[in-house]
Amino acid sequence: MACHGSEGKSTSPIYPNLAGQQEVYLVQALQEYKSGGRSGGQAEIMKAYVVGLSDDDINNLAAYYSGQK
């Protein structure tokens, strides 16, 4: 929430907005961060946030942010 905002609207131009992103994309991105499949940029920071998330957690986050306007 500190970077992407509680409603998925970025707090800084260096972070992407999550609100309204496609759910499938968000699930894939979070899974790739968790597995280490994404590198560069803020990947290591994101991995630290998502490593403890279950698949249900990831699906729920993706559903929430994709539903935001």
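What share of the 69 residues of the protein chain counts as buried? In this predicted model, 25% of the 69 residues fall into that class, where buried stands for under 20% relative accessible area, exposed for over 50%, and partly exposed for values in between, with a 1.4 Å probe and protein chains only. The model is a prediction in which local features need pLDDT of at least 70 and side-chain atom pairs count only at pLDDT 80 or more, while totals for chains, interfaces and linings use all residues. Residues are numbered from 1 along each chain as its sequence is written, and side-chain values use heavy atoms, with hydrogens and water left out.

The secondary structure of the protein chain consists of three helices and zero strands, in the order α-α-α from the N terminus on; helices (H or I, at least four residues) and strands (E, at least two) are DSSP runs numbered from the N terminus. The C-alpha trace spans about 30 × 25 × 15 Å along its principal axes. Among contacts (heavy atoms within 4.5 Å) between residues at least 6 apart in sequence, 49% join residues at least 24 apart.

The accessible surface of the protein chain comes to about 4,600 Å², of which 52% belongs to carbon and sulfur atoms; these areas come from the Shrake-Rupley method with a 1.4 Å probe, and for residues only the protein chains shown count as cover. The mean positions of the 5 positive and 7 negative charges are 6 Å apart, with Lys and Arg counted as positive, Asp and Glu as negative, and His and the chain ends not counted. Each charge is placed at NZ of Lys, CZ of Arg, CG of Asp or CD of Glu.

In soluble globular proteins, nonpolar side chains tend to be buried together. A nonpolar core is here a set of buried Ala, Val, Leu, Ile, Met, Phe, Trp, Tyr and Cys residues joined through side-chain atoms within 4.5 Å. The largest such core has 13 residues, of which Leu26, Leu30, Tyr33, Met46, Val50 and Ile58 touch the most other members. Two or more residues are given to this core by each of α1 (23-35), α2 (43-50) and α3 (55-66), and the largest share, five residues, comes from α1. Leaving aside residues up to four places away in sequence, Val50 touches Leu30, Tyr33 and Lys34.

Leu26, found in helix α1, is buried, with a relative accessible area of 6%. Not counting residues up to four places away in sequence, Leu26 touches Leu18, Gln21, Ala62, Tyr65 and Ser66.

Ile14, in the segment before α1, counts as exposed at 60% relative accessibility, and its C-alpha atom is 21 Å from that of Val27, 13 residues apart in sequence. Asn60, in helix α3, is likewise exposed, with a relative accessible area of 52%; the C-alpha atoms of Asn60 and Gln28, 32 residues apart along the chain, are separated by 13 Å. Gln42, in the loop between α1 and α2, is partly exposed at 38%, and a C-alpha separation of 11 Å is found between Gln42 and Cys3, which are 39 residues apart along the chain.
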